[in-house]
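Here are some notes for a colleague who is opening this structure for the first time. Please read them with the model on screen.

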Amino acid sequence: MKIIKFTLIIFIFLNNISFSDEKNILLENKILKNIRCLICQGQSVYDSQSDFAESMKLVVREKLDLGMSEKDVYIFLKNQYGDWILYDPEFNNKTYFLWVFPILIFFIGGGIILKKFVVLKK
Amino acid sequence: MKNKYLLIIFGIFFLFCFTVFFKSLKNSNAYKPEIINGKILSPFVAIDFYSNKKILSEDIFNDRDFYLINIWASWCMPCRAEHNYLIELKKQNSLKLVGINYKDQIENAKRFLNEFENPYSKILKDKNGTLSIKLGAYGVPETFIINKKKKIIKKIIGPINEKTYNEILKIIK
């Protein structure tokens, strides 16, 4: 009975470790896919094998091992390289037009279509 | 009446598109890395090229008015081109040259320095390129000029040339 308990505990323990590892790798990949490889054309750091990307992967892993969150890593990178480093631009003074314009167009288009329908029904 | 409105709206839309595209015709669409000047260099720990001992950045940047950080490698061809400028800059008393040896074989790097003369007061090792990333560099060669307060005043991406060399001289005078 004792042996069973023991193996069960070890099993759960090991399972936990691999699970958290997997989670870390998923987070790391998510971050790497959102970082632009600045010396490549149209590639993320995740996709690239350039010197820059390989070093960047190491730095991101190191920062995550230090306990930084995803957002902290982005702040760190933006501090060093500017907004361009991230594929997903944040909502700020420079990018509000980028975010608001499509929504505006959507509403204007919707308005026009709706108006057409109202006219047709009449 | 309705047609008139449509015409005006289309006219405005056309004009808007025209001005946007016309203006961007003159812009170069080649990507230029964003250069952030005025940033304070964050402290770091690095490994000395010759002694293999750990050094703090505070111990390196503490005795001159200006510091030049140059990222180089023996395998990098443009680094050879800028080397003469670095040797000239070595003669400036107010400037301390700090080299970062980027992803290089130690033997090759030493051979490079023996062949072309060592312009650096201090060389740091960056075996896996992480130190350069933490400094905000793109690759080799790259040069930072920082002042006494560790503020980055100038960043040169690519080899130093006649023009940037003169700019550096102007800064440190």
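1. Thr164(B) sits in helix α6 (residues 162-172) of chain B. Helices are DSSP runs of H or I with at least four residues, strands are E runs of at least two, and both are numbered from the N terminus. Thr164(B) counts as partly exposed because it has 17 C-beta neighbours inside 10 Å; a residue is buried with 20 or more other C-beta atoms within 10 Å of its own, exposed with 12 or fewer, and partly exposed in between, C-beta atoms being placed from the backbone. Tyr85(B) is 79 residues away from Thr164(B) in sequence, and their C-alpha atoms are 9.7 Å apart.

2. This is a predicted model, in which local features need pLDDT of at least 70 and side-chain atom pairs count only at pLDDT 80 or more, while totals for chains, interfaces and linings use all residues. Residues are numbered from 1 along each chain as its sequence is written, and chains are lettered from A and ligands numbered from 1 in the order in which they are written.

3. Chain B has an open, mixed sheet of seven strands, in the order β2-β1-β5-β4-β3-β6-β7; strands pair if DSSP finds at least two bridges between them. The edges are β2 (54-56) and β7 (152-157) of chain B, each with a single partner strand, so one side of each has no neighbour in the sheet. On average, neighbouring strands are turned by 30 degrees against each other, direction ignored.

4. Within chain B, β4 (residues 95-102) and β5 (residues 122-126) run parallel and are joined by five bridges. Val98(B) has Lys122(B) in β5(B) as its bridge partner. Helix α3 (residues 77-90) of chain B lies across β3 (66-72) and β4, at about 155 degrees to β4(B); axes are lines fitted to C-alpha atoms, for helices over the stretch in contact, and angles run from 0 to 180 degrees between N-to-C directions.

5. Which part of chain A gives the largest share of the side that touches chain B? Contact (C-beta atoms, placed from the backbone, within 7 Å) links 14 residues of chain A with 13 of chain B. The largest share of the chain A side, eight residues, comes from α2(A).

6. Helix α4 (residues 96-121) of chain A has 26 residues and reaches 37 Å from its first C-alpha to its last, close to the expected 38 Å, which is 1.5 Å times one less than the number of residues. The count of buried residues in α4(A) is zero.

How values were computed. Contact = placed C-beta atoms within 7 Å.
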